[in-house]
Amino acid sequence: MEKEKLMFSCDVCGKQYQHGPGRYEGHKLELYGGIFCCDSCWRSNWDGWSTHYEEILLNHIKNKGLPIPKRNIKGLLPRN
Ligand SMILES: [Zn+2]
């Protein structure tokens with residue numbers, strides 16, 4: 001019998017990703033209050049979050065009352 005896949009939606013782009021069993025595609029973003037993003041977000045924004053996602057990330061921060069992470073050398077929000 002096949003094990004049921006655990007699907008979650010990415011807190012950043014909204015895409016569905018699998019996080020268990022056997023395959024773990026979620027990545028925890030400590031700087032953003034422990035939200036999770038999918039593997040494609042994690043990989044494609046390794047050098048800082050695309051400005052396209054800034055509003056979403058800043059909203060998570062605001063809702064959790066966290067400080068805005070220091071921007072990196074490119075002026076982007078750090079991935080983690
Ligand atoms: Zn994503």
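A residue is called buried when its relative accessible area is under 20%, exposed when it is over 50%, and partly exposed in between. Keep in mind that this is a predicted model.

**Exercise 1. Describe the overall layout of the chain.**

Solution. Start with the secondary structure: the chain has 2 helices and 4 strands. Next, read these along the sequence, and the order is β-β-β-β-α-α. Then look at the dimensions: the C-alpha trace spans about 50 × 25 × 20 Å along its principal axes. Finally, consider burial and contacts. Of the 80 residues in the chain, 35% are buried. Among contacts between residues at least 6 apart in sequence, 44% join residues at least 24 apart.

**Exercise 2. Find the protein donors of the zinc ion and work out their arrangement.**

Solution. First list the donor atoms: they are the SG atoms of Cys10, Cys13, Cys38 and Cys41, at 2.3 to 2.4 Å from the zinc ion. Now place these residues in the sequence, where their spacing reads C-x2-C-x24-C-x2-C. Then check the angles. Four donors count as tetrahedral if all angles lie between 85 and 135 degrees. The 4 donor atoms here subtend angles of 104 to 116°, so the arrangement is tetrahedral.

Cys10 counts as buried because its relative accessibility is 4%. Cys13 has a relative accessible area of 32%, so Cys13 is partly exposed.

**Exercise 3. Which residues have the most contacts inside the largest nonpolar core, and which element supplies its largest share?**

Solution. The largest nonpolar core has 14 residues, and those with the most contacts inside it are Val12, Leu29, Tyr32, Trp49 and Leu57. Strand 4 (35-37) and helix 2 (51-64) each supply at least two residues of this core. The largest share, 3 residues, comes from helix 2. As a general point, nonpolar side chains tend to be buried together in soluble globular proteins.

Now follow one member, Leu57, which sits in helix 2. Leu57 counts as buried because its relative accessibility is 0%. Setting aside residues up to four places away in sequence, Leu57 touches Val12, Leu29, Tyr32, Ile35, Trp49 and Leu77. Leu57 and Tyr32 are 25 residues apart in sequence, with 7.0 Å between their C-alpha atoms.

**Exercise 4. How many aromatic pairs does the structure hold, and what is the geometry of the one formed by Trp49 and Tyr53?**

Solution. A search of the whole structure gives 2 aromatic pairs. Trp49 and Tyr53 form an edge-to-face pair, 6.2 Å centre to centre with 85° between the planes. Check burial next: Trp49 is buried, with a relative accessible area of 0%, and Tyr53 is buried too, at 18%. For another ring, turn to Trp42: Arg79 lies over its face, 3.6 Å from the ring centre.

**Exercise 5. Is Gln18 buried or exposed, and which residues does it touch?**

Solution. Locate Gln18 first, in strand 2 (residues 16-18). Gln18 has a relative accessible area of 7%, so Gln18 is buried. Leaving out residues up to four places away in sequence, Gln18 touches Lys5, Leu6, Met7, Arg23, Tyr24, Glu25 and Gly26.

How values were computed
Residues are numbered from 1 along each chain as its sequence is written. This is a predicted model: local features need pLDDT of at least 70, side-chain atom pairs count only at pLDDT 80 or more; totals for chains, interfaces and linings use all residues. Side-chain values use heavy atoms; hydrogens and water are left out. A nonpolar core is a set of buried Ala, Val, Leu, Ile, Met, Phe, Trp, Tyr and Cys residues joined through side-chain atoms within 4.5 Å. Buried means under 20% relative accessible area, exposed over 50%, partly exposed in between (1.4 Å probe, protein chains only). Contact means heavy atoms within 4.5 Å. Rings of Phe, Tyr and Trp (its six-membered ring) pair if their centres lie within 6.5 Å; planes under 30 degrees apart count as stacked, over 60 as edge-to-face and the rest as tilted. A charge sits over a ring if NZ of Lys or CZ of Arg is within 6 Å of the ring centre and within 35 degrees of the ring normal. Donors are N, O and S atoms within 2.8 Å of the metal (3.2 Å for Na, K and Ca); water is not among the atoms, so sites may look incomplete. Four donors count as tetrahedral if all angles lie between 85 and 135 degrees; four count as square planar and six as octahedral if opposite donors are over 155 degrees apart and all others between 65 and 115; anything else is irregular.
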